[in-house]
Amino acid sequence: MSYGDFRTCLEDWEDLEKEFTHLEEDHKQYVKALEQMNVAQKKCLAGIAHQRYRLRRITESLKKCSKSLTPEQQAQAEELQQKMKDRKDAFHEMEECLPHKNGVYLSIILGQVSVSLLDKADKYRYKQEYEKFKLTVTYVIMCQALFLTFFSGYRAFDAILNFLLVWYYCTLTIRESILTVNGSRIKGWWLTHHFISTVCAGISLIWPDGETYQKFRMQFVLFTLYLSIVYVLQYYYQSGCLYRLRCLGQSHTMDITVEGFMSWMWKGLAFLLPFLFFGYFFQLYNAYTLLRLSISSGYREWQVLALAIIHILLFMGNFLTTLKVIRQKVKADRKMKLLEKKYKFNNHVHIKNL
């Protein structure tokens with residue numbers, strides 16, 4: 001190495017030292033800002049908790065004195081209740097940018113490690129990864145089930161499919177719990193469905209190979225294949241609905257596609273409903289077949305009866321929840337039509353009077 005090259009190295013090091021000094025200052029400012037942010041987060045969370053406590057006290061007081069209020073005071077009380085409802089909605093908006101507690105399920109799995117995503121871009125990116133994961137694994141399950149329809153008699157291949165289903169549904173429960181912590185509105189039966197499905201796949205995995213297993217095997221493989229095809233249809237249909245609603249500003253950014261449909265999934269639903277209900281009744285037929293096999297085998301394998309009960313639960317949950325959503329939507333549409341007729345009638349009378 002020549003002296004000129006050595007001199008260049010020394011100059012580069014001096015420049016690097018200057019840059020490192022600036023980096024240290026930036027890092028100190030970052031740490032300070034992080035500490036300030038943590039203090040501000042705790043202050044906001046404590047403030048929201050205090051506000052909620054005061055609102056509960058006011059609500060309890062209103063209930064106690066509601067019977068003795070005059071008509072004028074009753075009107076003021078109703079106005080106050082509306083203001084409190086608006087305040088609670090404001091709390092939800094504030095909490096979207098604040099850390100949340102994990103809940104019981106995530107606390108058992110992850111402990112108290114925070115999974116809150118405070119940046120909206122990170123939340124949306126995680127939601128997109130969740131959707132991509134579901135679709136990718138569904139395609140894998142579809143291919144595996146299609147393979148098993150033509151290659152029977154290999155219990156190891158069946159076990160691979162069941163293990164994949166256990167892993168898939170178990171992973172979904174964790175991912176969806178993280179989504180819920182970060183503001184996703186998936187709840188109720190669709191969350192419970194994945195917990196039950198995990199148990200169902202686990203029991204199928206340990207079901208010993210025998211006469212009853214072989215009698216039900218092909219029906220289960222066809223059912224799994226059908227469900228995976230229906231999910232792909234649901235995914236593209238629901239994704240289209242979500243995209244349209246987000247463009248119109250009528251959907252939450254953390255809404256996700258689910259097994260079934262929710263109240264916002266109605267355009268073109270006549271195409272999707274027959275596939276959904278056929279899948280539900282296929283599930284009921286599975287329960288009937290398993291129950292018959294359990295009785296004919298003298299209840300020798302507990303897995304058969306357990307799977308029959310689980311399939312009945314899944315059918316009832318899916319079927320009743322879907323009917324409930326349809327009923328709510330029909331009611332909402334009927335109410336909207338009545339409001340539109342009333343508005344048109346009032347508008348027509350107003351124009352006529354003019």
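Modeller: Here is a run through the labels and the cut-offs behind them.

Modeller: This is a predicted model, where local features need pLDDT of at least 70, side-chain atom pairs count only at pLDDT 80 or more, and totals for chains, interfaces and linings use all residues. Numbering starts from 1 along each chain as its sequence is written, and side-chain values use heavy atoms, with hydrogens and water left out.

Biologist: Fine. How many helices and strands does the protein chain have?

Modeller: Nine helices and zero strands. Helices are DSSP runs of H or I with at least four residues, strands are runs of E with at least two, and the numbering goes from the N terminus.

Biologist: What makes phenylalanine 151 partly exposed, rather than buried or exposed?

Modeller: Its relative accessibility is 42%. Buried means under 20% relative accessible area, exposed means over 50%, and partly exposed is in between (1.4 Å probe, protein chains only). So phenylalanine 151 counts as partly exposed. You'll find phenylalanine 151 in the loop between H4 and H5.

Biologist: Which residues form the nonpolar patch on the surface?

Modeller: Leu146, Phe147, Phe150, Phe151, Tyr154, Phe157 and Ile160, with about 700 Å² of accessible area together. Patch members need over 30% relative accessible area and no salt bridge; nonpolar side chains (Val, Leu, Ile, Met, Phe, Trp, Tyr) are joined within 5 Å, like charges within 9 Å. The areas come from the Shrake-Rupley method with a 1.4 Å probe, and for residues only the protein chains shown count as cover. Helix H4 (120–150) and helix H5 (155–181) each give at least two residues to the patch, and H4 has the largest share, three residues.

Biologist: Now inside. Which residues touch the most other members of the largest nonpolar core?

Modeller: Ile141, Leu165, Tyr168, Trp207, Tyr280 and Leu290, out of 56 residues in that core. H7 supplies the largest share of this core, eleven residues. A nonpolar core is a set of buried Ala, Val, Leu, Ile, Met, Phe, Trp, Tyr and Cys residues joined through side-chain atoms within 4.5 Å.

Biologist: What span is expected for H6?

Modeller: The expected span of a helix is 1.5 Å times one less than its number of residues. H6 has 18 residues, for which 26 Å is expected, and reaches 26 Å from its first C-alpha to its last.

Biologist: Why do aspartate 122 and arginine 125 count as a salt bridge?

Modeller: The rule asks for a side-chain nitrogen of Lys or Arg within 4 Å of a carboxyl oxygen of Asp or Glu. The closest N and O atoms of aspartate 122 and arginine 125 are 2.6 Å apart, so the pair qualifies by that 4 Å cut-off. Being three residues apart in helix H4, the two are separated by about one helical turn. Aspartate 122 is partly exposed at 31% relative accessibility, and arginine 125 is partly exposed at 48%.

Biologist: And glutamate 131 with lysine 127: are these two residues buried or exposed?

Modeller: Buried: glutamate 131 has 3% relative accessibility, and lysine 127 has a relative accessible area of 3%. Their side chains meet in a salt bridge, 3.9 Å from N to O.

Biologist: How many salt bridges does the count come to?

Modeller: Nine salt bridges by this rule. Another one joins the side chains of aspartate 89 and lysine 85, at 3.8 Å from N to O. Both residues lie in helix H2 (residues 71–95), four residues apart.
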